[in-house]
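Hi,

Here is the structure I promised to pass on. Have a look at it first, and my notes follow below.

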Amino acid sequence: ADGAASTDGRQALFLLSLDKAAGDAWVEGTNYFKMKVATPSSARAAALANPGVAKDVFGTAVLCYAGDTQGNLWKFDLQSGLNSTNAASAVKTSGTTPVPMAVLRDSANRVQPVTTVPQVVPGLGSGYMVIFGTGKFLESGDAANTETNAVYGIWDNLTNDVSDWQVGRAKLFARTFDAATNLTSGDTAFEFGSGS
């Protein structure tokens with residue numbers, strides 16, 4: 001259909017109404033909702049992966065987290081319910097530009113694509129831990145790629161403070177895994193849930 005494809009490379013999370021009658025037309029804002037993320041930062045096309053979902057105590061999806069092949073982790077806020085207005089504001093923006101929750105790069109500042117579904121678990125005390133790995137094994141050239149990838153755990157404390165968004169390497173606590181001991185270690189002390 002005309003207008004169905006992105007003309008600027010922007011990806012979107014689509015939520016479809018499963019109770020739509022088979023003969024009814026698809027109408028945005030009525031039986032499907034589209035939440036767009038930012039225009040890709042490079043000429044290479046971006047792809048948004050499937051989302052991980054945070055649920056409230058009633059089992060209702062309230063937040064979705066999805067990565068993309070540009071190394072961004074996006075947060076889609078559905079806590080106020082789903083309608084046209086809420087869908088339009090589900091992704092945090094700076095002005096009119098969507099802002100990712102995290103921007104993932106290796107130590108050489110190379111993009112770390114996120115193609116896996118994030119696992120979302122309640123945080124200790126409040127918020128959610130969003131846990132996911134980076135890397136891509138989708139295109140023919142991916143088998144030869146030897147760039148460093150990682151597993152990340154990012155705590156969403158559910159605030160809208162600018163400092164809590166666009167999390168990058170400087171805001172993370174590095175850990176290494178020792179296969180001989182099955183232990184992780186790192187230079188910086190971090191006690192989950194302590195606020196430090």
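Let's start with Leu158, which is partly exposed at a relative accessible area of 35%. By that I mean between the two cut-offs: buried is under 20% relative accessible area and exposed is over 50%, using a 1.4 Å probe and protein chains only.

Before going on, some background: this is a predicted model, where local features need pLDDT of at least 70, side-chain atom pairs count only at pLDDT 80 or more, and totals for chains, interfaces and linings use all residues. Residues are numbered from 1 along each chain as its sequence is written, and side-chain values use heavy atoms, with hydrogens and water left out.

Back to Leu158: you'll find it in the loop between β11 (151–156) and β12 (176–178). Strands here are DSSP runs of E with at least two residues, numbered from the N terminus. Leu158 isn't a glycine, yet its phi is positive, about 65 degrees. Most residues other than glycine have a negative phi.

The loop between β11 and β12 also holds Gln166. Gln166 is another non-glycine residue with a positive phi, near 50 degrees, and it's partly exposed with 45% relative accessibility.

Now over to strand β3 (residues 52–55), where Val53 sits. Val53 is partly exposed, at 33% relative accessible area. What does Val53 touch, leaving aside residues up to four places away in sequence? Ala61, Leu63, Cys64 and Val120, where a contact means heavy atoms within 4.5 Å. Val53 and Tyr65 are 12 residues apart along the chain, and their C-alpha atoms are separated by 6.4 Å.

Cheers

Conventions. Helices (H or I, at least four residues) and strands (E, at least two) are DSSP runs, numbered from the N terminus.
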